[in-house]
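Student: I would like to learn how to read the strands, cores and backbone of a protein model. Could you take me through one?

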Amino acid sequence: MDSGFGIGEPPINFLAHHQRAGEAGAREDFEQMLGQLVSAVTGHQAILVHANPGDWGIDVLVGDLNGSVVIWQAKYFVKGFGESQKKQVRESFESAWKYAGQEGHVITRWVLCVPCSMDPPTTRWWQDWSKRKHAETGVEIELWDETGLRRRLGLPEAAAVRRAYYEPYRHVETADPPVTPLTISTSSDLAWRGGEEACFGADCYLLHDDVVEVFSSDRSWVWREATADRVEPSPARVRLRHVAALRDTSAATDARRALVGQATLLSDIAGARRLPRPLGVHMGAKAVTVASTLPSGPVWREVFGPGPGPLDRLTAAAVLAAAVRLSESLAELHRLGHSHRALNPDAIVMTGRSRDPVLRDAGLAALPPRPREGSDGYRAPEQERLGPHTPPPGAHTDLYQLAALVHHTLTGHPPVPGASLPVRATVEGFPPAVDDLLSHALALDPRRRPRGMAAFAAALSRGRRELSRGGVS
């Protein structure tokens, strides 16, 4: 059977989760992969459930906790399946069944996901146990073992999940490419490409495929950034940001100085409020490269969207909770007189089982404002063009972008500055007070937006609690 892999490609190794996240984080990394895989192969939005304080016996679900759900239970068993593992499986199912009865939702299907195979005695135990529990509860019980997981990861619709977790450096090709050695980039005028190794002094980094390259308007300097894995002197997942002078101009000098200024800012912040920490600043004759910490995890887009339609109440509450946490990081930048100004669904990493949002990098903090800076779809009006009659981009820009991200994620529709439809027009039971707050935050004039991130976050927190209690009538 065609698994969807090209000839000569290595099989999926589920130990990649352990290698990437360590023993403590491997299970969470596996769960995050599973959530994305379920979304990809089912076509439905999968929700990762975090313990707060309990997870109701659910790792990944599809459905509505006010109605019926399908549950995927992740068990990162890579060293075998013995009596201890059987006990964990039994306890997980009993927990899910108990909470379904207490909370009023119906489990229609329960899927155990394990990255290993069972020996004959264990297979017989599984078959007997799953049949017995189906007879007792009516729940369809299914197994995705290592063979089932690999088969699903090999499907075309799961290609992005496979690349993200098991092939982070592989190019997407339309034909089998020739085998070529990795290129060592030491010159500032060489373009970056995913899968290549870039070295600066004694530090070497293996670039991922999300390389961004932007030339200045006068083409005197170039900006590059990418996710990478540091391979020398010690392993670490990092975010690289790089400015290289192509011609000796004052603009190129200013651009390099600005990136050094951002690194200095991150050094002063020292990781407060989950902001990145600088790991290295590499100064060359014509270039500056900054490496900063980057945790593992899916990005906001992979967890929440925006998708083609509105979110359910449970997920909407989770979005507001994540926005509150994100506002804490932004407020720390504001406290020091800086702003991010480049928020978008791909610039936020959702970490751990609790899906704690972490900024991928410092955005445009400490960099001078430029016309049309920021991300398409989330750019604040004052970023379109700079002028004497409008306040320059700043903290109010972050407030607009955070509101735009929340509005787009909740409704599935990008906001229209000053003219967006209310969220409650598409999300049933959405609190009117939060809706009005988002509308004010999306005002065309920065001076008409709410003052301060703290008050904005407090209102989002109240809205999150209201949604969690069941919304409004």
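**Reading the sheet and the cores**

Tutor: Strand β2 (residues 60–63) pairs with β3 in the antiparallel sense, over 4 bridges. Two strands count as paired if DSSP finds at least two bridges between them. Helices (H or I, at least four residues) and strands (E, at least two) are DSSP runs, numbered from the N terminus. This is a predicted model, in which local features need pLDDT of at least 70 and side-chain atom pairs count only at pLDDT 80 or more, while totals for chains, interfaces and linings use all residues. Residues are numbered from 1 along each chain as its sequence is written, and side-chain values use heavy atoms, with hydrogens and water left out.

Student: What joins β2 to β3?

Tutor: A hairpin of 4 residues makes that link. Within the pair, Val-62 has Val-70 of β3 as its bridge partner.

Student: Which way do β3 and β4 run, parallel or antiparallel?

Tutor: Strands of a sheet pair through backbone hydrogen bonds, either parallel or antiparallel. Here β3 and strand β4 (residues 106–113) run parallel, joined by 7 bridges. Opposite Val-70 stands Arg-109 in β4. With helix α2 (residues 83–103), β3 and β4 make a right-handed β-α-β unit. Right-handed means that, with the strands pointing away from the viewer, the path from the first strand over the helix to the second runs clockwise.

Student: What is the order of the strands in the sheet?

Tutor: The order is β1-β2-β3-β4-β5, in an open sheet of 5 strands with mixed pairing. At the edges are β1 (47–48) and β5 (140–144), each of which pairs on one side only. Helix α1 (residues 16–42) packs on the sheet and touches β1, β2, β3, β4 and β5. Contact here means heavy atoms within 4.5 Å. The direction of α1 makes about 140° with that of β3; axes are lines fitted to C-alpha atoms, for helices over the stretch in contact, and angles run from 0 to 180 degrees between N-to-C directions.

Student: Why is β3 described as largely enclosed?

Tutor: Buried means under 20% relative accessible area, exposed over 50%, and partly exposed in between (1.4 Å probe, protein chains only). Strand β3 (residues 68–74) is largely enclosed by the rest of the structure because 6 of its 7 residues are buried.

Student: Which residues touch the most other members of the largest nonpolar core?

Tutor: In soluble globular proteins, nonpolar side chains tend to be buried together. A nonpolar core is a set of buried Ala, Val, Leu, Ile, Met, Phe, Trp, Tyr and Cys residues joined through side-chain atoms within 4.5 Å. The largest one has 48 residues, and Leu-402, Leu-410, Phe-430 and Phe-456 touch the most other members. Elements that each supply at least two of its residues include α10 (395–411) and α12 (453–468). Its largest share, 10 residues, comes from α8. Another core, of 26 residues, lies apart from it, with Val-38, Leu-48, Val-70 and Tyr-166 among them.

Student: Where are the cis peptide bonds?

Tutor: One joins Glu-232 and Pro-233, with omega about 5°. Pro-233 is in the loop between β10 (221–232) and β11 (236–245). Gly-305 and Pro-306 are also joined by a cis peptide bond, with omega about 20°.

Student: Is Arg-341 buried or exposed?

Tutor: Arg-341 counts as buried, at 4% relative accessibility. Although not a glycine, Arg-341 has a positive phi of about 70°. Its place is in the loop between α8 and β14.
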